[in-house]
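This report describes selected local features of a predicted model. The sequence and structure are shown first.

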Amino acid sequence: MLVKVFGAAVQGIDALVVTIEVNCSQGIRFLMVGLPDAAVKESHERIVSAVEHNGYKFPRRQVIVNMSPADIRKEGASYDLPLAIGILAGDGKVKSDRLGDYMLMGELSLDGSILPIKGALPIAIKAREEGFKGLIIPKANVREAAVVNNLEVYGVENLTEVIRFFDGEVELEPTVIDTRAEFFKECTRFDLDFSDVKGQESVKRAFEVAAAGGHNIILIGPPGAGKSMMAKRLPSILPPLTLQEALETTKIHSVAGRMERGSSLLSQRPFRAPHHTISSVALVGGGAYPQPGEISLAHNGVLFLDELPEFSRQVLEVMRQPLEDRKITIARAKYSIEYPASVMLVASMNPCPCGYYNHPDKECICNPGAIQRYLGKISGPLLDRIDIQVEIVPVPFEKISDTRPAESSEAIRRRVVAAREVQAARFAEYPGIYCNAQMTPRLLNRYAAPDAAGLKRLKDAMERFHLSARAYDRILKVARTIADLDGCETVQVQHINEAVNYRNLDRENWGDR
């Protein structure tokens, strides 16, 4: 008997339908074709054990399984469930009249329990697109997939449930989630708040400007000055995720297997802080079986690189293209995968190897030239993509001991959201541009041209501080954001002044001894 069961293969952050054809005929052997990997081929042993442990007999006949399309590699153990149901239906032990209405995915344990899988959300989206009535997946993934509307999503715990469902002996209850209610309930709830940060008003202002314009930012200061503390609080002042952004971000985490059990839609912007020993593949994605890297996991959120000069030069250089194009393309001989990578980069570093250059109290013990060599670990092209460069100093005792709470993240976020709304209206006719940090030179000339006084101030600053030519566009982008925060239509001299102060590392005499 020939039957067809439907599953899915995940490529990038999208899914493709996989048709599993099973034919049982005379003979005693088991064949599987259609480019399965080793984990899929090993499913035979798991299926035999799971089927017999649940009171059924594995067919003592010739079983041929074809997984199409045959040119797409089938990876992982998540095909166990559709393979088991297809084999039993082909042997006449499961009714096959409703198999075409449902997509099935799940890994089987030896006792028939159904274990979690990766990519439940893109699989559910594909099932809806292809017109399937429902999706049967592990119970641990059901809330993740149930955010997809107009699709019946069933969470199952063991093989027997699925068999009895197709035989009409039991009815499974679809999981229903009020996506909007759950999303908006959690989107503005944060464990960390800027009200915890004592002092550092100028640095908090720089974070506000960075959040308002989507600018990358780097902090330079001694140990214990609060660099990591403030970076971890940045998501609390960013605009809340939209439902579309949340769906895209959740798909990436679903494919990577980073969703917590029982979770549904991600409601807060991701914050990723990889260690400086990370490899370039782990950062940008890839591998033998391509997976999203840390940059893609931070999509629509924050990528925090602490102790930036300690990262290997190769790792830092591979970031240049994703930061510019806001996507990553991983090419293989037979296919290519594209992962989104629209991140806000936040980096921190000590000013020198010992960490105390420019410290008000402690003396730097670094040799002459060590500071420049330390800074030289960060290439000019990478530094060119960081709009705001802020020097941070330790907080004095009077500020640390002050028990009064500082300004809350909620108050800062209101100003940031107002500025982002202005930018959304400004760039409405330009696809792919949502904030000032993404402006092209043509848009800079149109929307960020300073007045006469501002242009003169910019010229004086570049000559006085020996700013590089690459700083010109960055200053104008940041000045445009500052003007948006102030509610000004034009970029004025005070906006240029503040933007110039955010270019510490572009000053040619910075770090000279």
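## Backbone geometry and helix packing

R326 is found in the loop that runs between α14 (320-325) and β15 (327-331). Phi of R326 is near 60°, a positive value in a residue other than glycine. A positive phi, of about 55°, also occurs at E307, which is not a glycine either. The loop that holds E307 lies between β14 (302-305) and α13 (313-317). The table sets out the accessibility of these two residues.

| Residue | Relative accessible area | Class |
|---|---|---|
| E307 | 23% | partly exposed |
| R326 | 23% | partly exposed |

Another backbone feature is the peptide bond from S68 to P69, which is cis, with omega near 5°. P69 is placed in the loop between β4 (62-68) and α3 (80-90).

Helix α18 (residues 409-426) has 18 residues, which at 1.5 Å a residue should span 26 Å; the end C-alpha atoms are 26 Å apart, in agreement with that value. The buried residues in α18 are S409, A411, I412, R413, V416, A419, Q423 and R426. An α-helix has 3.6 residues a turn, so residues three or four places apart point the same way. The buried residues of α18 pack against α8 (201-213), α19 (441-447) and α21 (471-486).

Strand β18 (residues 388-391) contains Q389. Is Q389 buried or exposed? Q389 has a relative accessible area of 0% and is therefore buried. Between Q389 and N150 the C-alpha to C-alpha distance is 48 Å, and the two are 239 residues apart in sequence.

Technical notes. Residues numbered from 1 in each chain as written. Predicted model: local features only at pLDDT ≥ 70, side-chain atom pairs only at ≥ 80, totals over all residues. Heavy atoms only, no water. Helix = DSSP H or I, 4+ residues; strand = E, 2+ residues; numbered from the N terminus. Buried < 20%, exposed > 50% of the residue type's maximum accessible area, 1.4 Å probe, protein only. Expected span 1.5 Å × (residues − 1). Contact = heavy atoms within 4.5 Å.
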